[in-house]
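Please read the following points beside the sequence and the model.

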Amino acid sequence: MKKEGEIRIPSGCAISAVISKDGNKMTGEKIIESMIPMHDRSNGLGGGFAGYGIYPDHKNEYALHIFFNDKYRIEDCERIIKDSFEIVKKEIIPTRKIPEITDEPIIMRYFVSPLFSLLRSLQLDEKEFVVRIVMKINTEVDGAYVFSSGKNMGAFKAVGFPEDVGRFYKLDEYEGYSWTAHGRYPTNTPGWWGGAHPFGLLDYTIVHNGEISSYDANRRFIEMFGYKCTLQTDTEVITYIADYLIRRQGLSLTETASVIAAPFWTTIENKPEKEREKLKYLRTMFSSLLITGPFSIILGFDGGLMALNDRLKLRSMVVGEYNDKVFIASEEAAIRKMEINAKNIYAPQGGEPIIVKVKEGKF
Amino acid sequence: MKNYVIIGGGVASASCIEGIRQIDKSGKIYLISGEGKPTYCRPLISYYLQGITDFKKMKYRPDEFYTDNNCEMIFGKAEKIDAVNKTVKVGDKTIKYDRLCVATGSSPFIPPFNGLDTVKNKTAFMTEDDALYIEKNISPDTKVLIIGAGLIGLKCAEGLVSKVGSITVSDLATRVLSSILDDKCASYMQKVLEEQGVSFILGDSVSSFDKNTATFNSGKVVDFDLLILAVGVRANISLVKDAGGETNRGIIVNDKMQTSLQHIYAAGDCAEGYDNSINARRVLAILPSAYAQGFTAGINMAGGNKSLNDEFPLNAIGFFGLHALTAGAYTGEMYEEKSDKNIKRLFFNDNKLVGFILIGDVKGAGIYTSLIKNKTFLTENMKKSLEKSPSLAILGSLTRSQKLGGVV
Amino acid sequence: MKKIYVNEKWCLGCHLCEYNCAFANSGETDMVKALKDKEISPRIHVEEDGKITYAVSCRHCEDPVCVKSCISGALSKKDGVVTIDKNKCVGCFTCVLVCPYGAVIPTDKHAAIKCELCLKNACGYPACVKGCPNKAIVYEER
Amino acid sequence: MSINYIYPEFEVVRNPNRCICCRVCERQCANEVHRFDADGKVMLSDESKCVNCQRCVSLCPTRALKIIKSDCVLRENANWQNQTIKEIYKQAESGGVLLSSMGNPNPLPVYFDKILINASQVTNPSIDPLREPMETKVFLGKKPNKIERDKDGNFINNLPPQIELSMPVMFSAMSYGSISYNAHKSLALAAQKLGILYNTGEGGLHEDFYVYGDNTIVQVASGRFGVHENYLQAGKAIEIKMGQGAKPGIGGHLPGTKIVGDVSKTRMIPEGSDAISPAPHHDIYSIEDLRQLVYSLKEATAYKKPVIVKVAAVHNIAAIASGIARSGADVIAIDGFRGGTGAAPTRVRDNVGIPIELALAAVDKRLRDEGIRNNVSLVVGGSIRSAADVVKSIALGADACYIATAALLALGCHLCRTCQTGKCNWGIATQNPELVKRLNPEIGSQRLINLMTAWKHEIKEMMGGMGINSIETLRGNRLMLRGIGLNEKELEILGISHAGQ
């Protein structure tokens with residue numbers, strides 16, 4: 001069977017997230033538990049998590065999480081890394097041996113800083129530079145795959161049910177102010193570790209439930225701007241779109257939501273003039289980045305989360321609150337598992353972005 | 001609220017009611033009718049004899065016409081009009097009017113033939129009663145003599161020809177339909193009647209009757225079982241004349257149908273209106289004029305303002321499927337087209353169509369009629385087009401588009 | 001009230017209206033049976049003015065002179081439609097004589113005929129309008 | 001010449017049991033095929049004049065007529081086929097270039113028919129267009145690479161002029177002159193009511209049609225007929241016609257007999273003079289010349305009108321398109337080799353150019369590879385025959401489609417391919433007032449509106465089936481397509497997988 005990257009694989013899923021607006025640290029325990037009641041939304045072929053604020057000791061370095069098929073790939077890959085970065089720290093990501101998770105690749109973690117001189121000679125923005133190196137490894141080094149590349153955050157994923165993946169990666173031993181989780185139900189993959197979610201680029205990670213119908217339109221457009229959709233997954237392309245709109249075009253999160261889940265023209269027509277002009281501009285300007293078909297996504301980024309449904313709300317997604325915490329999940333059961341007393345539980349409208357940010361200076 | 005009185009129960013009377021009601025929905029209308037029945041179409045009695053229609057179908061308007069229009073029928077003969085006190089005397093009743101319309105029509109004219117009183121079976125041909133009388137007195141062997149080869153006489157002949165033994169029609173004039181057709185056209189029509197078995201004695205007159213025999217000036221003797229007198233009609237003008245109104249052959253009216261007496265109007269066969277085709281007064285004893293005059297009188301009686309000055313003679317005559325439609329005056333330059341079956345004559349005067357005779361193919365005749373009526377100025381090209389066939393091409397694109405594309 | 005109106009700008013002179021009219025008023029359900037080898041007597045006819053053609057049928061005048069001139073009361077105007085009662089008509093053709101459009105058609109069957117907007121026949125909607133290939137004849141409110 | 005080598009192509013079959021001799025056929029045939037014989041009271045026909053336009057068939061009230069292909073055949077073989085032999089006869093007689101109308105009729109592959117469309121099942125839902133909004137609106141025009149904001153952070157509208165279309169279809173260029181006033185009016189009226197655009201072609205814009213300016217593309221072609229400042233200002237967009245799919249590399253020729261009255265006035269050339277459009281624009285011998293014309297037109301219209309550059313699909317279309325995309329043009333229109341024409345040399349029509357499907361796929365890919373797909377919108381034409389062709393074109397990467405032959409069919413055209421005679425019985429390709437009036441624009445425009453409305457419904461149905469509710473996410477979405485019976489190379493060029501993959 002072909003794996004991710006060789007063929008497009010649709011999948012159904014479970015997603016879950018929690019964030020503390022005050023920046024209070026939480027271990028990964030709760031987020032793992034939240035996936036248990038949604039067990040049936042996964043099929044054991046992929047699970048994963050992203051934690052933010054988990055590397056306070058290395059918060060100024062990019063944390064590259066990399067899968068290697070075998071040790072020979074490590075050398076090839078490290079050559080590329082060393083050409084561009086100073087490696088501050090390199091280690092094997094600690095895991096727990098459990099029977100539910102097998103056939104693991106070599107999983108490494110590098111904390112790196114771009115070589116300043118190189119950056120200057122290339123006249124590149126630091127983040128753009130990191131993106132290019134990540135793309136280079138992922139497309140050029142067969143058997144090596146960078147699956148997390150942000151600062152003070154990390155993605156952890158594997159083939160297996162998400163609750164098992166969480167235990168495998170010992171996430172109960174990490175502490176972060178924000179967590180997202182994903183359980184996967186792909187329909188025609190043998191299961192590949194790199195294909196599990198979240199998908200990350202820099203500090204952007206996406207967990208997503210859905211199967212977008214706009215995929216190839218989005219992919220072929222975004223690939224004009226240097227992105228390589230090697231996995232052929234929705235999550236990958238949505239992450240790139242988010243990166244393109246937010247980082248490269250400088251759109252706000254709300255504006256980004258108005259592009260990827262743009263209001264219908266009839267809705268736009270009825271808006272007050274200023275709003276109407278703005279929405280019309282965004283839809284015309286970025287028409288190829290509209291995403292159609294069902295999706296519920298949670299975009300994690302440095303200091304916050306954004307949850308968004310497709311504009312017809314073809315996928316379930318609920319939001320709840322308790323004290324400083326905001327919870328988002330495919331099902332209310334997942335939220336209740338994290339906080340039995342969660343309040344204000346509601347289902348956002350299709351296309352209505354839920355943006356939660358940690359208070360300035362708290363992360 | 002006005003009181004309207006109409007004397008007479010013919011077509012002019014019915015249209016007078018329609019005219020009044022167009023303006024005044026509430027005023028009281030009294031209708032004095034001598035015949036004692038609702039309006040029927042007198043020209044249809046020949047078709048009755050022929051069996052094409054019956055008395056029920058001959059009613060001019062539905063039964064509920066009078067009640068729907070709030071008319072009170074008074075059957076009886078109007079004896080006297082008091083123009084000063086504005087009353088009409090009917091038997092022992094005196095009816096007050098605010099506006100009066102005299103629509104008394106005409107009566108058959110019976111010349112003083114010698115020995116006419118010795119003829120037992122004789123009648124005029126004007127009313128349903130006349131038709132019934134004839135019906136009662138004929139058998140397949142009956143010999144009928146009709147005096148008068150005008151429209152009434154010939155229609156009577158047409159109606160009877162298949163039901164009686166023989167029909168002879170005589171007239172002082174040397175041709176049939178002398179008042180409507182010229183020699184050529186008349187003989188054309190005569191031929192059709194002769195083919196059906198009608199005999200004619202023309203240019204001759206009865207000198208005396210003796211029971212069932214008529215002796216003509218020429219010496220010719222004709223035996224008959226039934227004598228029908230269709231010599232002509234006279235307008236019934238005496239009521240107005242006696243009341244002091246101006247009369248001639250008919251009651252003189254202006255273009256509003258007013259007589260010389262205040263608040264008294266006249267319409268129909270009894271009135272002498274204006275013939276547009278000859279620019280003179282004339283009794284136009286034809287149905288379209290009766291309707292138009294009655295309607296005009298009605299409108300003006302009810303306080304409206306309507307003038308009628310575009311009347312002219314129109315005749316639709318047909319025997320045994322051959323139709324002749326004529327209109328206007330036969331003066332000026334004539335265009336003629338003739339074939340075995342058809343005659344077409346158009347009369348132009350001063351670049352206007354003033355009259356026509358169509359026999360046989362009569363399609364579109366009304367287009368000619370309207371040109372006469374409107375006194376439309378005709379260019380040579382228009383004349384050419386008219387001569388070819390009557391069509392709206394004559395109007396020109398603009399007028400035609402308005403007429404065919406708009407509300408008329 | 002809806003009436004038949006003619007726009008000569010679009011008339012092609014194809015004469016289909018005449019045939020559709022004759023068929024609609026034939027009482028037959030098949031056009032071939034109704035019209036084959038027969039002289040047609042349509043209630044609408046196409047006239048020519050040079051290269052211009054146009055169809056003419058009853059205008060259902062506000063003030064219909066045919067109705068006023070009818071000697072038998074066969075012609076009447078009800079609900080805006082001038083109709084002819086063929087039972088009452090004796091075929092005197094006074095109406096033919098007075099119609100300024102030539103729209104009352106004489107027949108050899110003791111009766112005149114005219115357009116009655118197909119309200120009395122099985123068509124129920126003016127057949128000339130339905131069959132006009134170029135909307136030169138329309139049935140509408142104006 | 002006394003011997004007639006070619007037997008009439010068609011037979012007029014009249015069913016005497018049904019013919020009622022109403023003579024509609026006679027009155028409607030400008031070719032004078034039918035004739036009433038008063039003596040025998042029968043209709044006669046001269047089939048040698050018949051072009052099989054089916055006007056008589058359509059108007060015969062008793063369906064007594066049909067036109068069939070004559071079965072009189074030459075002794076053909078696989079190499080020397082009927083048509084080939086006849087063409088030889090024609091040229092042997094006339095000594096001239098063979099002319100044809102409409103598009104390439106030969107049995108070359110129609111790729112649209114070998115592409116299948118996807119639909120959603122289970123893993124994602126299809127969307128019911130009767131229940132949910134289904135958007136077909138598109139904006140054609142250049143999209144800037146970067147947003148701009150003012151000092152308060154609000155967007156500055158830095159979009160160049162855009163063409164808004166309610167659906168991704170436009171009526172492509174057909175000149176007034178090659179088609180009639182009423183045909184043009186039908187297109188203009190329909191475009192206005194539909195919220196799309198029609199194209200003047202190279203015949204100028206009749207003064208009556210300036211009112212439809214917001215729905216008009218004014219064309220500037222090599223003959224520059226009817227081009228003046230007001231004309232350029234009048235439209236919503238300006239199209240520079242470099243080529244036409246039916247006759248790439250060839251100019252146009254409207255015979256003087258059609259340059260009458262308003263046609264002459266609108267084209268700004270004398271009555272009766274032939275309107276000859278040169279093969280190239282004589283001020284464009286290279287891409288940099290094109291850029292100058294693009295900017296000349298933009299200068300003349302104060303940069304308010306998007307400029308479309310229309311080219312025929314030829315072998316190196318991708319490179320040509322890449323050049324145009326960098327020339328300042330806002331839209332590239334590509335016309336495939338099946339595109340129609342009023343008249344083209346037969347050899348050119350049948351042998352020059354490439355299919356639009358391959359051209360589109362190649363161009364879209366090339367522009368994306370170069371990262372300049374956003375510089376231009378892509379409009380494709382050259383035999384878009386149905387809503388499915390539209391959907392496939394959009395999925396291959398087009399922004400919108402141009403239709404002309406389909407529009408003419410809606411107006412009554414029966415593809416008899418004798419436009420050049422000027423005797424079009426349907427009132428389309430003629431300037432004879434008697435024939436022109438046969439096309440009532442009220443009917444014509446309604447039929448176009450009906451056609452487009454039907455296509456729109458079908459497009460929405462197919463989009464809904466794919467789970468797509470906005471046409472922009474179909475654009476370039478080649479995953480929604482699969483090939484059938486295509487070889488590896490064809491699939492590679494089209495950028496799609498084979499069915500079953």
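1. The buried residues of helix H6 of chain B are B:Cys185, B:Ala186, B:Met189, B:Gln190 and B:Leu193, where buried means that 20 or more other C-beta atoms lie within 10 Å of a residue's own, exposed means 12 or fewer, partly exposed is in between, and C-beta atoms are placed from the backbone. Seen down the axis of H6(B), these buried residues fall within an arc of 135 degrees, so they line one face of the helix; the arc is that of the directions from the helix axis to the C-beta atoms. On the face turned away from the buried side, H6(B) carries the exposed residues B:Asp183, B:Lys191 and B:Glu195.

2. A word on the basis of these notes: this is a predicted model, in which local features need pLDDT of at least 70 and side-chain atom pairs count only at pLDDT 80 or more, while totals for chains, interfaces and linings use all residues. Residues are numbered from 1 along each chain as its sequence is written, and chains are lettered from A and ligands numbered from 1 in the order in which they are written.

3. H6(B) covers residues 183-195, and its 13 residues reach 18 Å from the first C-alpha to the last, close to the 18 Å expected at 1.5 Å a residue, the expected span being 1.5 Å times one less than the number of residues. Helices (H or I, at least four residues) and strands (E, at least two) are DSSP runs, numbered from the N terminus. The cover over the buried residues of H6(B) includes helix H5 (151-160) and strands S12 (198-202), S22 (314-319) and S23 (322-328) of chain B. After the helix comes B:Gly197, with a positive phi near 105 degrees.

4. Which pair of chains has the most contacts among the three pairs that touch? It is the pair of chains B and C, two residues being in contact if their C-beta atoms, placed from the backbone, lie within 7 Å. This contact takes 37 residues from chain C and 41 residues from chain B. On the side of chain C that touches chain B, the largest share, four residues, comes from H4(C). By class, that side of chain C has 18 nonpolar, nine polar and 10 charged residues; Ala, Val, Leu, Ile, Met, Phe, Trp, Tyr, Cys and Pro count as nonpolar, Asp, Glu, Lys and Arg as charged, and the others, Gly among them, as polar.

5. Chain A has 31 residues in contact with 34 residues of chain D, and helices H6 (215-222), H9 (265-269) and H10 (273-285) of chain A each supply at least two residues of the side that touches chain D. Chain A and chain B, by contrast, do not touch, and their nearest C-alpha atoms are 41 Å apart. No contact joins chain A and chain C either, their closest C-alpha atoms lying 35 Å apart.

6. Chain D is divided into domain 1 (10-96) and domain 2 (138-498), with bounds that come from an automatic or database domain assignment. The C-alpha centres of these two domains of chain D lie 35 Å apart, and nine residues of domain 1 are in contact with seven residues of domain 2.

7. In chain A, A:Asp234 lies in helix H7 (residues 234-248). Is A:Asp234 buried or exposed? A:Asp234 counts as buried because it has 30 C-beta neighbours inside 10 Å. Leaving aside neighbours within four places in sequence, its contacts include A:His208, A:Glu211 and A:Phe295.
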